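Please keep the sequence and the structure in view while reading.

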Amino acid sequence: MNSMIACCGLNCETCDARIATITNDDALREKTAALWTKLNGVPITADMLSCTGCRIDGAKTPFCDHLCAIRSCAREKAMDTCADCPQMDACETLHRVTDGTPAAMENLKALRKEESETA
């Protein structure tokens, strides 16, 4: 299973916060903080954007670490990702992400298929 796929199906490998962290790119952190502030309507500062990935040990953004309802749910259910959850297709919380980012649901379905083939 690809450990760079977040609990919600987003690909952490392509996340600018993770890229800025692993490359120590402060300019990318600043740019990403400005974009995320605009998109989310809350102040996000560059120093908040240190993350190694949702399911990887290491730094997390405050949102991913403490505020993400999807990650919290997966952890409470002792699941790696939403692909492990039988309610995945009908989950309103998950669909808040996947409706706007269909690739996230495609990633989860691919993980589910991969898991079923190895079972």
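Helices (H or I, at least four residues) and strands (E, at least two) are taken here as DSSP runs and are numbered from the N terminus. This is a predicted model, in which local features need pLDDT of at least 70 and side-chain atom pairs count only at pLDDT 80 or more, while totals for chains, interfaces and linings use all residues. Residues are numbered from 1 along each chain as its sequence is written, and side-chain values use heavy atoms, with hydrogens and water left out.

The pockets come first. On a 1 Å grid over the protein atoms alone, a pocket is an open set of points where a 1.4 Å probe fits, with protein on both sides within 12 Å along at least five of seven lines, and its lining residues have an atom within 4 Å of a point. Grid points are joined across faces, edges and corners, and a volume is the space filled by probe spheres set on the points.

The largest pocket holds about 1,100 Å³ of space. Its lining comprises 38 residues, of which Leu10, Trp36, Asn40, Phe63 and Cys64 are the closest to the centre. Two or more lining residues come from each of helix 1 (16-23), helix 2, helix 3, helix 4, helix 5 and helix 6, and helix 3 provides the largest share, four residues. By class, the lining of the largest pocket has 25 nonpolar, nine polar and four charged residues, where Ala, Val, Leu, Ile, Met, Phe, Trp, Tyr, Cys and Pro count as nonpolar, Asp, Glu, Lys and Arg as charged, and the others, Gly among them, as polar.

The second largest pocket holds about 150 Å³, and of its 14 lining residues Cys73, Lys77, Cys82, Cys85 and Cys91 are the closest to the centre. Helix 4 and helix 5 each supply at least two residues of this lining, with helix 4 giving the most, four residues. The lining of the second largest pocket divides into ten nonpolar, three polar and one charged residues.

We turn next to paired charges. Side chains of opposite charge can pair when their charged atoms come close. With a salt bridge defined as a side-chain nitrogen of Lys or Arg within 4 Å of a carboxyl oxygen of Asp or Glu, the count comes to four. In one of them, Arg112 pairs with Asp89, their closest N and O atoms lying 3.8 Å apart. This pair links distant parts of the chain, since Arg112 lies in helix 6 (residues 102-118) and Asp89, 23 residues apart from it, in the loop between helix 4 (69-76) and helix 5 (92-98).

Another salt bridge joins Asp65 to Arg71, at 3.8 Å from N to O. Relative accessible area (1.4 Å probe, protein chains only) makes a residue buried under 20%, exposed over 50% and partly exposed in between. Asp65 is therefore partly exposed, at 36%, whereas Arg71, at 12%, is buried.

Finally, where does Ala59 lie? Ala59 is in the loop between helix 2 (26-40) and helix 3 (62-67). Leaving aside residues up to four places away in sequence, Ala59 touches Ser50, Cys51, Thr52 and Gly53, contact meaning heavy atoms within 4.5 Å.
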